[in-house]
Each structure stands twice: as structure tokens, then as C-alpha cells.
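This briefing covers one protein chain, topic by topic. Please read it alongside the sequence and the coordinates.

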Amino acid sequence: MNIPFLDNWRKRHDGRPEAGLAAAVDADPEGVAQMLAECDLLRVRAGERGLELDDSPASLAALDQLPPRWRDDPEELPWLGNDAGLYLGTVLVRNVPGAHWHIWPSGQPVVRLASGREIDVVEAGLGWAMSGSPELSQLYSESAEG
């Protein structure tokens, strides 16, 4: 996964693999959570349609209701899907007790629930952006239940 804001962080740490996102989560979980919550493209596109993303479960339901005009731009689609997944993860981490960001060895950010279950939110966001399934609000509800 290519996360542009990590490039500068990696440069400061000599590009060492062990100094990647996983180390950053261990060292500064709140800082990494804030970076992952940026989701600039998704926030801009939602804002253009009058939707302010407030990191609430209700905002996921509102996103699910937007007409999927982003599918008309194949270059933007994967970026928007990535942002949608990170936004889903942000809503989970901020609203589900015990949920937190975890980084797989591949560098993929996932949300780990208190039960130990891991949600690949980026994959879910890409699926949502490309086909509308799974709905972000449905995935949130299923994850929040258990």
C-alpha cells in the first residue's frame, strides 16, 4: 500500500523496514490514527455533494446513499476506495470500544477489534468504491456487534 505521507517519515528513519508504519503505530498510535483519518479525497468528494464526514456511524450510512459518480473516473477510483476504507477504519476506531489500528507485516493497515478479529478496511473500501458492496454502514454494524 502506498501512503504518501509516510515517505517523509521513512526518510527520517533511513527507510528501514522495521521503522515502517507498524513501528509508528507502536510509538504514536494517536498520531498514526490522525494521519489515517485524513482521507482527503473522500472528504472532498463527499463535501462536494453536501455531506460532511464527522467520523460517526451515521456518516457511513450517508456515504452509502451517495450516487457513485466516482466510478466514472478509473484513475481516481482506487484512491477513493482506499480513503473509504481508511474512513471506515477511523469510524470503527473512534466508536467501537477496544478497536484499534494494527499493521500487517505487508504494511496494510487493518482494524483489530477487542475480540481479536481483524477487519481489512482498505479491501472493504475498495469493494465499496468499485461495486457498492459491502456497504460501509453494514460492515460497521457487523463489526460493532462483535
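The chain contains eight helices and three strands. In sequence order the elements run α-α-α-α-α-α-β-β-β-α-α. The model is predicted.

**Whole chain**

- The chain has 146 residues, and 43% of them are buried.
- Of the contacts between residues at least 6 apart in sequence, 56% link residues at least 24 apart.

**Nonpolar core**

- In soluble globular proteins, nonpolar side chains tend to be buried together.
- The largest nonpolar core in this chain comprises 38 residues. Those with the most contacts inside it are Leu42, Leu63, Tyr87, Leu88 and Val121.
- Two or more core residues come from each of helix H2 (21–27), helix H3 (29–36), helix H4 (40–48), helix H5 (57–65), helix H6 (77–95), strand S1 (100–103), helix H7 (121–131) and helix H8 (136–145).
- Helix H6 contributes the most to this core, namely eight residues.
- Leaving out residues up to four places away in sequence, Leu42 is in contact with Leu53, Leu63, Leu80, Asp83, Ala84 and Tyr87.

**Loop between H4 and H5**

- Asp54 sits in the loop between H4 and H5, and Asp55 lies in the loop between H4 and H5 as well.
- The side chain of Asp54 forms a polar contact with the side chain of Ser56, at 2.5 Å.
- Apart from neighbours within four places in sequence, Asp54 contacts Ser59 and Tyr87. Tyr87 is also listed among the core residues with the most contacts.
- Asp54 and Arg43 are 11 residues apart along the chain, and their C-alpha atoms are separated by 9.6 Å.
- Asp55 has a positive phi, near 65°, and is not a glycine.
- Asp55 counts as buried because its relative accessible area is 14%, under the 20% cut-off.

**Loop between H3 and H4**

- Cys39 is located in the loop between H3 and H4.
- Most residues other than glycine have a negative phi, and most peptide bonds are trans. Cys39 has a positive phi of about 45° although it is not a glycine.
- With a relative accessible area of 4%, Cys39 is buried.

**Loop between H5 and H6**

- Glu76 is in the loop between H5 and H6.
- The relative accessibility of Glu76 is 15%, so Glu76 counts as buried.
- Not counting residues up to four places away in sequence, Glu76 touches Leu41 and Arg45.

- Ala61 belongs to helix H5. At 32% relative accessibility, Ala61 is classed as partly exposed.
- The peptide bond from Ser133 to Pro134 is cis, and its omega is near 0°.
- Pro134 is placed in the loop between H7 and H8.

**Loop between S2 and S3**

- Ala114 lies in the loop between strand S2 (109–112) and strand S3 (118–119).
- Ala114 is exposed, as its relative accessible area is 63%, over the 50% cut-off.
- Ala114 is in contact with Pro97 and Gly98, leaving aside neighbours within four places in sequence.
- Between Ala114 and Gly98, which are 16 residues apart along the chain, the C-alpha separation is 4.6 Å.

**Second largest pocket**

- Rolling a probe the size of a water molecule over the atoms shows where empty space is left.
- The second largest pocket holds about 150 Å³ of space.
- Its lining consists of Val25, Pro29, Glu30, Ala33, Gln34, Val93, Arg94, Ala99, His100 and Trp101.
- H3, H6 and S1 each give two or more residues to the lining of the second largest pocket.
- The largest share of that lining comes from H3, with four residues.

Note on methods. Residues numbered from 1 in each chain as written. Predicted model: local features only at pLDDT ≥ 70, side-chain atom pairs only at ≥ 80, totals over all residues. Heavy atoms only, no water. Buried < 20%, exposed > 50% of the residue type's maximum accessible area, 1.4 Å probe, protein only. Contact = heavy atoms within 4.5 Å. Core = buried A, V, L, I, M, F, W, Y, C linked by side-chain atoms within 4.5 Å. Polar contact = N/O pair within 3.5 Å; in protein donor to acceptor, adjacent residues only side chain to side chain. 1 Å grid on protein atoms, 1.4 Å probe; cavity = no way out; pocket = protein on both sides within 12 Å on 5 of 7 lines; lining within 4 Å. Points joined across faces, edges and corners; volume = space filled by probe spheres on them.
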